[in-house]
Amino acid sequence: ETELWNPFRDIVTPSFTPYKDILVPGKMNVDDMLALGRMAKPISDREILGHFVGWPRPPHASVQAPETCKDASCPLNVRSVLLDMKGKDNDMHVDVDVPYIESFVGLTNSLFCFVPRGKSAWSSRFFQTFFAGCIPIVLNDLYEPPFGEIVDFTSAVIKWPMKEVPMLVEYLRQMQQDEPQTIIALHNAGQELRCWYAWPPSYIEWAWMEMNKSKFNTTCSDWHVRNAYVAVTRLLSAKAAGGRKRFFWPGATAQGLEHKGALFNLSHP
């Protein structure tokens with residue numbers, strides 16, 4: 001986690017250290033990824049500017065005492081600030097709690113999807129937005145998306161200061177009116193990187209049958225080489241020591257290395 005967990009008030013330093021750790025995405029099931037893809041409207045047909053469904057959450061106790069930040073009057077309670085738009089802004093789809101499928105309707109009919117801080121930094125909605133064709137707006141100052149070493153998030157994601165939601169809404173409305181090409185570019189970049197967040201199921205899962213029937217190919221045509229497992233392997237391989245139990249010199253060949261290994265008995269640990 002790059003952030004702090006609300007239930008642990010006394011822990012004030014995030015556990016994540018970029019020098020030794022990597023960030024991994026949560027797992028979405030294949031049915032959800034396929035359903036979001038089927039329901040997703042073309043970007044030009046989306047009627048809703050912004051979407052958020054969720055419960056209000058105060059900031060971590062180390063940032064501000066939760067009892068002093070309970071509602072939309074506190075800018076750091078960013079979820080409450082978003083929910084305060086319910087019934088006031090016709091171009092916003094915000095609600096406290098709705099059936100699961102209705103949240104999918106909001107995701108797939110909106111141009112932008114708000115991803116605010118919850119109990120911690122992590123949120124499944126961030127990964128859902130890409131498969132829904134919605135542009136994620138991160139409202140968490142400390143959030144670090146997974147796989148930033150591999151993909152360029154600045155081309156597909158908007159990260160906005162948590163305290164400036166009113167200014168954000170005006171910015172999005174202006175973009176919708178004056179810069180539709182920017183929205184299209186953000187959307188297309190998100191579609192390009194989304195498959196890095198797909199965890200292919202193992203062969204013991206029923207969803208493996210769906211993968212073998214090529215049903216996922218329309219969502220991620222190259223999922224077998226571009227997925228979360230491949231991304232994790234690439235990130236971990238860079239952290240592995242390169243010289244331990246490995247020998248090299250100018251002009252070395254595979255046969256030469258094998259011969260020298262036998263000659264010098266290098267197979268011993």
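Me: Is the link of Cys-69 and Cys-74 left-handed or right-handed?
Reply: Left-handed, with -90° about the S-S bond. Keep in mind that this is a predicted model.

Me: And how far is it from S to S in the Cys-69 to Cys-74 disulfide?
Reply: The distance is 1.9 Å.

Me: Are those two buried or exposed?
Reply: Buried. Cys-69 has a relative accessible area of 0%, and Cys-74 comes out at 6%. Both count as buried because the cut-off is under 20%.

Me: How many disulfides does the structure hold?
Reply: There are 3. Counting bonded cysteines along the chain, the pattern is 1-2, 3-4, 5-6.

Me: What about Cys-113 and Cys-134, where do they sit?
Reply: Cys-113 is in strand E3 and Cys-134 is in the loop between H4 and strand E4, so the pair links distant parts of the chain, 21 residues apart. Their torsion about the S-S bond is about 110°, which makes this disulfide right-handed.

Me: And Cys-195 with Cys-220, which parts does that pair tie together?
Reply: Cys-195 is in the loop between helix H6 and helix H7, and Cys-220 is in the loop between H7 and helix H8, so the parts tied together are 25 residues apart in sequence. Both cysteines are buried.

Me: Switching to pockets: what volume does the largest pocket have?
Reply: About 480 Å³. Of the 22 residues lining this pocket, the closest to its centre include Val-53, Arg-79 and Ser-123.

Me: How does that lining divide into nonpolar, polar and charged?
Reply: It has 9 nonpolar, 8 polar and 5 charged residues.

Key
Residues numbered from 1 in each chain as written. Predicted model: local features only at pLDDT ≥ 70, side-chain atom pairs only at ≥ 80, totals over all residues. Heavy atoms only, no water. 1 Å grid on protein atoms, 1.4 Å probe; cavity = no way out; pocket = protein on both sides within 12 Å on 5 of 7 lines; lining within 4 Å. Points joined across faces, edges and corners; volume = space filled by probe spheres on them. Nonpolar A, V, L, I, M, F, W, Y, C, P; charged D, E, K, R; others polar. Disulfide = S-S within 2.5 Å. Buried < 20%, exposed > 50% of the residue type's maximum accessible area, 1.4 Å probe, protein only. Helix = DSSP H or I, 4+ residues; strand = E, 2+ residues; numbered from the N terminus.
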